[in-house]
Amino acid sequence: MQRLLVAILAAVDAAIAAAVGLAVLLAPLTLLWTLAFGASADWGALWPVAGTLWQFGHGVPVDIVVPDAVISAVGISPDAASFTLSLTPLAFLVFTLLFAARSGSRAARSGAWLLGVIAGSLAFALIATAVAITARAELAQVPLGLAILLPVAVYLVGSLSGAVGYAWREGDAGLIDRIHDRVDSRGAWSVLPAEIVRGTAAVIVALTGIAGLAVALLVVLRGGEVVALFQAVRVDATGAAVLTLGHIAYLPTVLVWAIAWIAGPGFAVGAGTAVSPSGTQLGVVPGIPVFGLLPENSSIWMLIVVLLPVGAGAFAGWLVRSRLVWQDAARPAAPRAVIAAGIALLSAGIVAVAAVLASGSIGPSRMAQVGPHAGWTALAVGAEVLVGAAIMLLAPRHRDELAEERTDRWVAQMGTSPTSDPAATFSWADAEGHADAASADANDPDANDTQPLDDHGFFGDGSTPAPR
């Protein structure tokens, strides 16, 4: 019964994740639809638009086909009548990923993480299939297979990560515990998986925080250009609301661009363009307000920002080094070197995936290449993080570490380690109390009379009563 309950709760979590994502789109779209077209609008087109945007938010490319009547009325080139949108607004993807990780962790806490992951992913697949079949728009078409596969893949990765992470920390009395026991039997190498993941998490959090501060600084410095572009668009309140919501949805994508800029390779805003610390080359840029944050020029001295990913790697290395000292596993150098390399490789892999999702097409012709280059960005981040992590993890042991190791070794030899025997603790108050009691017994000649004598007139320890 418990396993059935875990499966049901995991399916409910998946349904809630999908429903919240669709509701976040449907609620403002319904309001905007009413304001723009009135109560007599064609409500049948609302669901296809919401479903297509939900799929687009999970990485599904959208093929835009402009009708001939619109082409002739607006006067645009026939070459721009059809193009692909593939630059993902990562806010929807991040929400699904985090919600799925929470569901997987809950399933692992219930003792049936694999069943929970499978049940939740199947439920999400059914919902994604239903959305893909029913939300078909004529002007914005999505590949049916990708419309089902990509949202389910996002949910599966999040759920599996949350479940395995919790099972590794707390145990699952099954497969993860057996793998954990095998890893623990490797001696000094047993700390590698946990410390690599912990260090990578520290790097990703640090890089995200640095990117957020960089974007906030740009908003302060170049907020006037953003406002000017908002005004140049000349939209009403409904259009301004749509632009604002779109910018919020693309905020995680902008953070990935900021990470690519800080790492050095930068990103492109169209074919033949480059925005990086070493230089900025921009042609004609669309009048999207967020592009007002783009720096107009750069200096070679701005390459100093590449020290920030090095600092993120150093922070991760310090965090891991501290734990290794606490676990008495910092003496071998080889595991520390492998941990530094593992943090760099895993961080580079995560950044590469993020760069792939944060790059794509936003229009025809030259606007088909927007965003960071995944390979160069991952290589730069990996190298910089490796330098920082290696500095902290491979540095010679300092006096505090050596003193702590000597103290731990002495405590272990004396057999009074608080970690090994909670009862074997030392208290100065107790020691002073025993000393005072012994002194009082020595000064009190009648104290020995309270001890029983054996048949030969001796105390239990073989001593005789003191003469009076």
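In this predicted model, a search of the whole structure finds three salt bridges. In general terms, side chains of opposite charge can pair when their charged atoms come close.

Let me begin with R106 and D13. These two residues form a salt bridge, with their closest N and O atoms 3.2 Å apart. R106 belongs to helix α4, residues 90–109, whereas D13 belongs to helix α1, so the pair ties together parts that are 93 residues apart in sequence. D13, with a relative accessible area of 5%, is buried.

I turn now to E195. Its side chain meets that of R198 in a salt bridge, at 3.0 Å from N to O. Both residues sit in helix α8, which covers residues 192–233, and they are three residues apart, about one turn of the helix. E195 is buried, since its relative accessible area is 2% and buried means under 20%. R198, at 30% relative accessibility, counts as partly exposed.

Which other residue forms a salt bridge with E195? The partner is R323, and here the closest N and O atoms are 3.4 Å apart. R323 lies in helix α11, residues 307–326, and E195 in helix α8, so this pair ties together parts that are 128 residues apart in sequence. R323 has 28% relative accessibility and counts as partly exposed. Through shared partners, salt bridges join E195, R198 and R323 into one network.

Next, the strands. Three of them form an open sheet in the order β2-β1-β3, and the pairing is antiparallel. The edge strands are β2, residues 82–85, and β3, residues 140–141; each of them pairs on one side only. Strand β1, residues 62–65, is joined to β2 by four bridges, and these two strands run antiparallel. Within this arrangement, D63 stands opposite T84 in β2.

Which residues make the nonpolar surface patch? They are L4, I8, V12, I16, V20, V24 and F95, and the patch has an area of about 540 Å². Helix α1, residues 2–37, gives the most to this patch, with six residues. L4 is a residue of that helix.

Thank you for your attention.

How values were computed:
Residues numbered from 1 in each chain as written. Predicted model: local features only at pLDDT ≥ 70, side-chain atom pairs only at ≥ 80, totals over all residues. Heavy atoms only, no water. Patch = residues over 30% accessible without salt bridge, like charges linked within 9 Å, V, L, I, M, F, W, Y side chains within 5 Å. Areas by Shrake-Rupley, 256 points an atom, 1.4 Å probe, with all protein chains shown as cover. Salt bridge = Lys/Arg side-chain N within 4 Å of Asp/Glu carboxyl O. Pairing = 2+ DSSP bridges. Buried < 20%, exposed > 50% of the residue type's maximum accessible area, 1.4 Å probe, protein only.
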